[in-house]
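Here are my notes on the model, point by point. Please read them with the structure open.

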Amino acid sequence: MDFIIDAAVKAIKHLYQTDVAPAAIGLQETRKEFEGQITIVTFPFTKFSRKGPEQTGTEIGEYLKAELKEVADFNIVKGFLNISLSDEYWIGQLYNEILPDDFAVAKPNGQKVMVEYSSPNTNKPLHLGHIRNNLLGFSVAQILAAAGYDVVKVNLVNDRGIHICKSMLAWQMFGNGETPASSGLKGDHLVGKYYVLFDKELKKQLTPILERVYEKNDLSLFNDNQKEKIHALLISIDKLKAKKYATPDTETKLIGELTDKISVEEDKVKEIAKNVTSLMVETQQMLQKWEAGDAEVLDLWKTMNSWVYAGFAETYKQLGVDFDKYYYESNTYLLGKDIIEEGLQKSVFFKKPDGSVWIDLTADGLDEKLVLRSDGTSVYITQDLGTAQLKYNDFHMDRSIYVVGNEQDYHFKVLFLILHKLGKAGANGLFHLSYGMVDLPSGKMKSREGTVVDADDLMDEMETTAKVQTEAMGKVDAFSEEDKLALYNTIGMGALKYFLLKVDPKKRLLFDPNESVDFQGHTGPFIQYTHARIKSVLSRAAYQPNKNIEITELAGVERDVIVLLTQFPTVIREAANGYSPAIIANYVYELAKSYNKFYHEKSILQAEDEVLKQFRLQLSASSAKVISKAMGLLGIDVPERM
């Protein structure tokens, strides 16, 4: 709409003898309740016109209508100038912009972007939270590529550490040589089974220890440091309990707050007590052996991780996501120590008397952060500094997007700030795509108790739900069994992906499988059904793309569809700039709704004449093309028939 901006600049110069920059002309989409497609806010220009916003808008509108053949009419609502563009303009947009094959195909912009997502642990299968992460990361990568960026998709796998050793030790103690082949389980499910088993066995060992602490005040199992911490916690718990019992029953809010504080302190006791169980002692010993390169431990680690990777590969394939590069924590966990030394030399970091290295971020509104322990071992931030440098050395990207849940917001603030203070290349292009957690109606997910919402199970459930809903409509009787199964998968996965991606990433969401498959709601299947409907119309008409149709007038519903279609390139840019698949998802829903309104109000195959029929077929084909491409940016397939 640059031509409107240019004309508005000339209008202000002509009418009010004032030069304004094009950026001062604020264009926005006209609200649905008013006539028009483009709106100019006139309030800023009243200081030049020395008139009210309505009169200013009228004068600018009259100028535009006289000077631009594309402007058919205008109306004023308070300080808003609503412009109606001519049918000739919109018909030209369809033939000159939308129908050509290069519509919404951005030219390469010369910038490279890395999108890091998934980042699973190799001690359990992927769950519903991982699904949101993977779908967000993949979709953002698709959108950035569509906007002209050179995109690299990477996966940093957390394949080492104490949590991995828990599964390994439990398998060693209770597995009896069980394998994916002997059990019939996917490899990631088998390893996850032993992670859950470890936690159950740990609770058995923990219970008598906690009984000794609370009932007998027996701290003999703990070292001096642990005793000191537990003693302080027990005093704190006693004080909180005394305050709670002294609080009147009517003070329910205060009682609730005190109960929560007691629970927090008791959890701290539990964490300390875990470290003296034989299971945790053996797990720590196994981790030390792994770090020392013990051959037997490394062999077991490699074997169990290979089972997990095979399982992950199946899940990723079903989800429809992929990666250009894998990084493994086992190869990166020692990185970053050279960066600590560099930071000390630059006085970005400082060393405390005990030898530990810190950074003071209090001036930045944060706090002091440990970056290297006194014994010279790394903390997570050390490793992340090194990995960030490694990734930049490998790809020299202009931007790096980390797709990680919002519980890590603080961590990434610190990481990015440190890299910036160190003057690292690429530090100004870092972005944490923070997203909220996913709940089911039954409540929040947990993994150690084995009540996790498993990704594979959920995808199977979605396919089953799609089967039930589709068969209830009675429209697949003519499908072969193979085609039915493919359709159920397409609809089920489309429902899951769309439901998770239509919500702004930062928001926590409640996922309802049944609601997500509603063919009449704000859902993926509704949009998929719209695409299949269009393809059916085109098939029955034996439609072939042909030359421009000589048509001069549009019905309102036809114009509405074209207006939405023209917005697609802008929507892609907005979604890329905001790293938000929700912008694409909500746009394509509005397009599907608009097309369905056109479909119900105007006959296509029985149009008044052949010219109008061909035009409406071209409009339908354009709608199908954009719906397909938009859904593709969300990683969603659209069926040819349903």
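**Notes on the predicted model**

1. Which residues of helix 22 are buried? They are Phe-568, Val-571, Ile-572, Ala-575 and Ala-576. Viewed down the axis of helix 22, these buried residues fall within an arc of 135°, so they line one face of the helix.

2. Just after helix 22, Tyr-579 takes a positive phi of about 50°. Tyr-579 counts as buried because its relative accessibility is 8%, and the cut-off for buried is under 20%.

3. Tyr-579 also has a ring partner. Its ring centre and that of Phe-431 are 4.7 Å apart, with the planes at 40°, so the pair is tilted. This pair links distant parts of the chain, 148 residues apart. Phe-431 belongs to strand 12 (residues 430-435), while Tyr-579 sits in the loop between helix 22 (568-578) and helix 23 (581-601). Phe-431 is partly exposed, with a relative accessible area of 33%.

4. Next, strand 11 (residues 399-405). Is it enclosed or open? Seven of its seven residues are buried, so strand 11 is largely enclosed by the rest of the structure. Both of its faces are covered.

5. What pairs with strand 11? Strand 5 (residues 112-116) runs parallel to strand 11 and is joined to it by four bridges. Val-113 stands opposite Arg-399 there. Strand 12 also pairs with strand 11 in the parallel sense, over six bridges. In that pairing, Tyr-402 has His-432 of strand 12 as its bridge partner. The chain goes from strand 11 through helix 16 to strand 12, and this β-α-β crossover is right-handed.

6. Helix 16 (residues 409-421) holds a ring pair of its own. Phe-412 and Phe-416 are four residues apart in this helix, which separates them by about one helical turn. Both are buried. Across the whole structure, a search finds 22 aromatic pairs. In the pair of Phe-412 and Phe-416, the centres are 5.7 Å apart and the planes are at 55°, a tilted arrangement.

7. Other ring contacts deserve a look. Ring pairs link Tyr-117, Tyr-309, Phe-312, Tyr-316, Phe-323, Tyr-326 and Tyr-328 into a cluster. Two charged side chains sit over rings. Arg-160 lies over the face of Tyr-333, 4.0 Å from the ring centre. The charged end of Lys-325 is over the ring of Tyr-327, 5.2 Å from its centre.

8. Last, the antiparallel strands. Strand 8 (residues 350-351) and strand 9 (residues 357-360) pair over two bridges in the antiparallel sense, with Lys-351 opposite Val-357. Their hairpin has five residues between the strands, and Gly-355 takes a positive phi near 95° in it. Strand 9 is also antiparallel to strand 10 (residues 368-372), over four bridges. There Ile-359 has Lys-369 as its bridge partner.

Key:
Residues numbered from 1 in each chain as written. Predicted model: local features only at pLDDT ≥ 70, side-chain atom pairs only at ≥ 80, totals over all residues. Heavy atoms only, no water. Pairing = 2+ DSSP bridges. Phe/Tyr/Trp six-rings, centres within 6.5 Å; stacked < 30°, edge-to-face > 60°. Buried < 20%, exposed > 50% of the residue type's maximum accessible area, 1.4 Å probe, protein only. Lys NZ or Arg CZ within 6 Å of the ring centre and 35° of its normal. Right-handed = clockwise from strand over helix to strand, strands pointing away. Arc of directions from axis to C-beta.
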